[in-house]
Structures are given as structure tokens and as C-alpha cells.
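Subject: Handing over the structure

Hello,

Here is the structure I promised to pass on to you. Please open it alongside this message, and my notes follow below.

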Amino acid sequence: MSESKIFTPCQIGPITLRNRTIRSAAFENMAYGNRPSEDLFNYHTAVAKGGIGMTTVAYASVSRSGLSFNGQLWLREEIVPELKKLTDAIHAEGAKASIQIGHCGNMTHRATCGQKPFSPSGRFNLYSPTFTKKISIAEIDQIVEDFGNAVDLCRRAGFDCIEVHAGHGYFISQFLSPYTNHRKDEYGGSLENRMRFMRRVITRVMEEAKDDMAVVVKTNMYDGFRSGMKVDECIKVAQELERLGVHALVLTAGFVSKAPMEVMRGAMPLKTLAYYMDVKNFWWLKLGLHMGGRMVIPTVPYKDAYFYETAMKFREAVKMPLIYVGGMVKKEDMEMVLDSGFVAFQMARALVHDTDFVNKLQSGEVTKSGCGHSNYCIGRMYTLEMKCHQCMEKNQIPCKLQKEIEKAEAAVKQSNK
């Protein structure tokens with residue numbers, strides 16, 4: 001019997017992966033004090049040992065102004081040796097090492113990023129909530145340089161691939177979306193103008209990546225709400241990224257400040273989110289979750305391979321390599337997306353549940369992840385390190401959270417029937 005296409009090598013730009021599986025850049029919240037930790041090291045090396053083709057270290061900020069979380073990587077010279085230790089360990093297990101770089105824009109607070117948060121248009125961000133500063137042209141110039149400097153730093157740290165985060169309502173996405181970009185200069189108005197910041201960042205990243213690092217871009221297929229980007233505009237963004245010469249696109253959707261569950265699907269576990277939240281610093285947010293959390297973070301029903309139909313529209317619109325992400329938990333779905341012309345696929349929750357999932361898939365021990373998609377890992381991720389409830393003792397999880405988990409997993413089983 002021939003080997004599944006999942007476990008055949010693939011090329012992304014100048015690098016070759018041993019198979020077509022990629023750990024997506026789901027935020028780990030393991031960079032305590034904004035630097036690599038033993039937890040981050042152990043997690044990614046375990047995923048590499050577990051058979052992944054490439055593992056992606058998540059959401060590393062190119063500057064302090066781009067930090068959303070205290071447990072997020074801030075790329076700077078002093079952490080290069082620690083990152084090199086991590087990439088060496090990943091390579092020793094036979095996997096490639098990728099890192100996602102980005103800037104959060106308005107999705108932060110002064111206490112985290114050290115200043116009044118930047119935004120394209122300087123409006124109040126209700127979802128942080130915080131007042132923001134309209135970024136100047138000189139400050140845009142600096143952030144473009146920060147992206148280039150970050151790539152150089154990542155090369156010296158041993159990374160094989162750079163993933164630029166241009167989706168989910170973070171800074172590049174904030175410039176692209178008419179919902180957050182109300183500028184009247186050359187960076188606002190028409191889609192051509194709204195793509196200008198992205199174009200400058202990608203051009204700078206490609207210059208610094210040279211011909212030995214892969215560059216992929218995570219970009220939205222739609223924002224997920226009425227006044228956001230729709231599929232037709234997002235296809236034009238994808239075509240522009242193809243023109244700029246990036247090596248592959250990761251197709252995603254959703255906006256963290258308006259449609260967060262479009263990204264992950266299912267229900268946000270509000271009780272879990274509130275339970276782990278720091279009461280001292282976020283009492284107002286806990287109160288808001290109790291009063292109207294479901295209105296602010298509505299449920300979007302989960303199903304396996306949930307982005308597939310929309311992603312196929314992009315497959316038809318561009319010739320460049322595309323990487324599928326979204327609900328990759330079953331072997332048959334993985335083979336479906338590869339047979340449909342995607343070069344590889346990403347997954348996260350399956351690897352939070354079991355870092356050895358790829359090895360088990362290849363050996364035939366399993367054909368589907370045991371992740372129940374309760375989103376418990378996401379609910380605790382904003383305060384503690386990302387972790388699956390199935391990897392914890394039941395007495396570590398309060399009864400009310402256990403009931404929330406069971407209810408969410410029952411809803412996912414029903415929606416997948």
C-alpha cells in the first residue's frame with residue numbers, strides 16, 4: 001500500500017519539509033517576561049519529536065510597541081542565544097523551525113507595550129478597551145524596519161521560515177480592513193492604498209530573507225462581520241502577495257476584536273476565560289464577560305475542515321503554494337486538502353492535545369485527533385500557558401469548568417453529525 005501524501009516531502013520556497021504537516025502559530029503564552037522559557041522549549045521540541053514537518057513559534061512581536069501579552073515573545077538581540085537553543089533542538093528531531101512575526105497595533109494596553117497603542121486611525125478601541133494613537137508616517141517607517149530587523153535576528157537564531165501575520169485584526173490587518181482604517185492619506189481609502197503598509201512590510205521581509213529563508217504570510221479570506229473585508233477583496237490581497245513573491249499563504253479568517261470565533265470556531269468558554277483571568281488587572285473584563293460575554297463573543301458552530309469551501313476559492317484565484325488551516329483533525333480531511341492542491345496544512349489544537357499526534361497518524365495508531373474542541377485551551381491561554389484539559393487531572397479543573405467543557409464538546413459532536 002502506498003504511503004499517504006501527508007507523509008511525503010514538500011517544498012516551501014528554499015526549504016524542504018519531511019512531510020506536509022505544520023504546527024500552526026497558535027499562541028502558546030509560554031514566553032514569560034517576553035523571552036523563551038523552558039515550557040516553550042519543551043513544547044516545540046516535543047512537537048518536533050512527535051513527527052511534525054515544521055513547527056511554528058507563535059506571534060513574536062517585532063518591537064515592544066507590538067506586544068499584546070506578557071507571555072509573548074519580543075524579538076530583540078538578547079534572546080537570540082535562547083532561540084538558537086530552541087531551533088537547534090527542533091532540527092535535531094528532524095523538523096524545520098518557523099516563527100510567526102507581527103505587530104498587534106491597537107490590540108494592547110500601555111502597561112504591556114510601554115506606550116499609547118498604535119492604530120491606523122487613532123480611534124478608541126472598545127475591545128481592548130483603550131485609547132489609541134494614529135500612527136505617523138515616520139512611525140510606520142520604523143515598524144517596517146522593525147520587521148526587517150526581526151528577520152535578520154530570526155536568521156541568526158536558526159529559523160528556516162518566517163510567517164508574517166497579516167490577518168486576524170492585528171496591525172497589518174488593521175490597515176487592510178475598512179473597519180479599522182479610516183486614514184485620508186496614501187495609507188487609507190482604496191484597497192490599493194490600504195495594502196501599502198502590507199506591501200512595504202513584505203518587501204522589506206523578502207529583502208532580508210534573501211534566498212535561504214522561506215517566507216509565508218497568514219492572511220484573511222474574510223474578516224467575519226458586515227463592515228470588514230469580504231472574500232473578493234481578500235482575494236485581491238492574496239494576488240498582491242503572490243505578486244510580491246512570498247513563498248506560500250496560510251489562509252485564515254476572523255478578527256480578534258469583532259469576530260474572534262471565526263478563527264477557531266465553536267464557543268468561547270466564558271467561565272474558563274473569566275476563572276483564570278487576573279482579577280486585579282482585569283476586573284472590568286470579568287464583569288463584562290458575566291454581563292454580556294456571549295453577545296460580544298458569539299458562538300460560531302464548529303465542523304471539521306471548516307475553511308475548506310472558502311479556501312478553494314483562493315486555490316482557484318492564485319497559482320502560488322497555499323497552506324490550509326482550520327479544523328484539521330482527521331486523516332481523510334488532510335488527504336482531501338492535499339489532493340485539492342494545497343502544498344501542506346497547519347494544525348494546533350490536535351497538537352496541544354497530543355504532541356505525538358503526527359507519529360501516531362503515520363503509524364496507523366489513530367486516524368483522528370482526540371481533541372474535543374471545547375476550546376478550554378484557548379480560554380486559559382489569555383492568562384496561563386496553552387494546555388489541553390485532557391492532559392490535566394480532573395481535580396485540577398473546577399466542577400463548573402468541567403461542565404462547560406462537556407457542554408461544548410457535546411455541541412461539537414452534534415454539529416459534526
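Which residue in strand 5 is the bridge partner of T55? The partner of T55 there is A97. Before going further, please note that this is a predicted model, in which local features need pLDDT of at least 70 and side-chain atom pairs count only at pLDDT 80 or more, while totals for chains, interfaces and linings use all residues. Residues are numbered from 1 along each chain as its sequence is written, and side-chain values use heavy atoms, with hydrogens and water left out.

The sheet

Helices (H or I, at least four residues) and strands (E, at least two) are DSSP runs, numbered from the N terminus. Eight strands form a closed barrel in the order 3-4-5-8-9-10-11-12, with parallel pairing. On average, neighbouring strands of this sheet are turned by 25° against each other, direction ignored.

Strand 4 is mostly covered, as eight of its eight residues are buried (under 20% relative accessible area; exposed is over 50% and partly exposed in between, with a 1.4 Å probe and protein chains only). Strand 4 pairs in the parallel sense with strand 3 (residues 21-23) over two bridges, and with strand 5 (residues 96-102) over six bridges; two strands pair if DSSP finds at least two bridges between them.

In helix 12 (residues 308-317), the buried residues are Y308, T310, A311, M312, F314 and R315. Among the elements they pack against are helix 8 (231-243) and helix 13 (331-339).

Aromatic rings

There are 18 aromatic pairs in the structure. Rings of Phe, Tyr and Trp (its six-membered ring) pair if their centres lie within 6.5 Å; planes under 30 degrees apart count as stacked, over 60 as edge-to-face and the rest as tilted.

The pair of F175 and F197 is tilted, because the ring centres are 4.5 Å apart and the planes stand at 35°. This pair links distant parts of the chain, with F175 in helix 5 (residues 171-176) and F197 in helix 7 (residues 196-209), 22 residues apart. F175 is buried, at 0% relative accessible area, and F197 counts as buried at 0% too.

Y179 and F225 form an edge-to-face pair, 4.9 Å centre to centre with 75° between the planes. Y179 is partly exposed at 25% relative accessible area, whereas F225 is buried at 13%. Ring pairs also link F27, Y59, F69 and Y170 into a cluster.

Finally, two charges sit over rings (NZ of Lys or CZ of Arg within 6 Å of the ring centre and within 35 degrees of the ring normal): K85 over F41, at 5.2 Å from the centre, and R380 over Y276, at 5.4 Å.

Best wishes

Key:
Contact means heavy atoms within 4.5 Å. Axes are lines fitted to C-alpha atoms, for helices over the stretch in contact, and angles run from 0 to 180 degrees between N-to-C directions.
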